[in-house]
Amino acid sequence: MIVDTAEEMINAPLVHKGKVRELYDLGDSFLIVVTDRISAFDYILKPGVPDKGYVLNALSKYWFGITSGYMNNHIIHTDVEKLQAIIPSAEDRELLKERIIVAKKAERISIECVVRGYITGNGWRQYEKTGEINGIPLPEGLRKNQRLAEPIFTPAAKNDVGHDEDISLAQMKELVGEELTYALQERSIMLYVLAHSICEQKGIILADTKFEFGFYAGELIIIDEIFTPDSSRYWSEDKYALDIEIDSMDKEPVRTYLAGSGWDKNSEPDELPASVVEETSNRYKGILHRLVDSK
């Protein structure tokens, strides 16, 4: 069954409905529900992707567990049975049991903390034009998808409406101050290096990723999601090559289908074909299996 929304299941105010996640106010905490909705090019597509929300939540829990020894995060618990007053229906709790996080009410820092270990995607497009990424000069002659000598921190200012805006380190210092800028840079790169090493052992390349951080009781913590296919670019090692578009382990089948469908990207798209939905679901479940289930 596809979970498009939990609004009818939960007896708590909905305070934010994102493209995938829904945030409910529990008073002293937030309830985050991860749905099966899928978006591309700023549109929510139909139908949702079976098990996508479960996979995203499971991966976040897995990585929050691994990184908790290095940095605290926003998780209070993930037990839906503790929420019987909020989700009274046993059937609804069963549906949501692997899709929820009860989280601390952190004060979000409005910076998307992006770390790139490889030059690809938007970073490659910037480099082709300017020889830089977010104002960071890079050596001449780099090739698309090449691993960088050291991971780089390329932040973006978060916009609640529209796209986030790439900014330089100097611009970030103006927004949040020098001390916090360096703290976020250091922690972001540390977390990326840790996860990249773990992925390498499982035949997966973590090309780049993004984090969100916040303050809770004066402490800097990780919030939102972490190292999911929606926030990270995963490549299978056996598909890695320079100078090509590498098929990433996420919603690539949806992007490929839409790019070849003749859709103008300015109007509501048609429903996704069942074959594309199934392939995308398998992609998400595949990364979970390789990262979490493999030894």
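## Close-up views of a predicted model

**View 1. Strand 15 and strand 17 pair side by side.** Strand 15 and strand 17 run antiparallel and are joined over five bridges. Two strands pair if DSSP finds at least two bridges between them. Ile 204 has Ser 236 of strand 17 as its bridge partner. Four of the five residues of strand 17 are buried, so strand 17 is largely enclosed by the rest of the structure. Buried means under 20% relative accessible area, exposed over 50%, and partly exposed in between (1.4 Å probe, protein chains only). Helices (H or I, at least four residues) and strands (E, at least two) are DSSP runs, numbered from the N terminus.

The model is predicted: local features need pLDDT of at least 70, side-chain atom pairs count only at pLDDT 80 or more, and totals for chains, interfaces and linings use all residues. Residues are numbered from 1 along each chain as its sequence is written, and side-chain values use heavy atoms, with hydrogens and water left out.

**View 2. Strand 3 is mostly covered.** Strand 3 spans residues 29-34, and six of its six residues are buried. Both faces are covered. Ser 29, Leu 31 and Val 33 are buried on one side. Phe 30, Ile 32 and Val 34 are buried on the other. Strand 2 (residues 21-25) runs antiparallel to strand 3, with five bridges between them. Leu 23 is bridged to Ile 32 of strand 3. Three residues separate the strands of this hairpin, and Gly 27 there takes a positive phi near 95°. Strand 7 (residues 100-104) also runs antiparallel to strand 3, again with five bridges. Ala 103 of strand 7 stands opposite Phe 30.

**View 3. Asp 42 and Lys 19 form a salt bridge.** Their side chains meet at 3.1 Å, N to O. Asp 42 sits in the loop between strand 4 (38-40) and strand 5 (43-45), and Lys 19 in the loop between strand 1 (14-17) and strand 2, so the pair ties together parts that are 23 residues apart in sequence. A salt bridge is a side-chain nitrogen of Lys or Arg within 4 Å of a carboxyl oxygen of Asp or Glu. Asp 42 is partly exposed at 43% relative accessibility. Lys 19 is partly exposed at 41%.

**View 4. Glu 225 and Arg 21 form a salt bridge.** The closest N and O atoms are 2.8 Å apart. Glu 225 lies in the loop between strand 16 (219-223) and strand 17 (232-236), and Arg 21 in strand 2, so the pair ties together parts that are 204 residues apart in sequence. Glu 225 is buried, with a relative accessible area of 9%. Arg 21 is buried at 14%.

**View 5. Lys 105 and Asp 25 form a salt bridge.** Their side chains meet at 2.8 Å, N to O. Lys 105 lies in the loop between strand 7 and strand 8 (107-108), and Asp 25 in strand 2, so the pair ties together parts that are 80 residues apart in sequence. Lys 105 is partly exposed, with a relative accessible area of 30%. Asp 25 is partly exposed at 25%. The whole structure holds 25 salt bridges. Elsewhere, a network of salt bridges links Glu 112, Lys 158, Asp 164, Lys 210 and Glu 212.

**View 6. Asn 145 is buried in a loop.** The loop runs between strand 11 (136-137) and strand 12 (147-153). Asn 145 has 1% relative accessibility. Its side chain reaches the backbone oxygen of Ala 241 at 3.0 Å. A polar atom of the Asn 145 side chain also lies 2.8 Å from the backbone oxygen of Ile 244. Leaving aside neighbours within four places in sequence, Asn 145 is in contact (heavy atoms within 4.5 Å) with residues including Tyr 118, Thr 120, Trp 235 and Leu 242.

**View 7. Helix 7 has a buried side and exposed residues on the face turned away.** Among its buried residues are Val 276, Thr 280, Arg 283, Tyr 284, Ile 287 and Leu 291. Ala 274, Ser 275 and Glu 278 are exposed on the face turned away. The cover over the buried residues includes strand 4, helix 1 (52-67), helix 5 (178-200), strand 15 (204-216), strand 17 and helix 6 (252-259).

Terms used: Polar contact = N/O pair within 3.5 Å; in protein donor to acceptor, adjacent residues only side chain to side chain.
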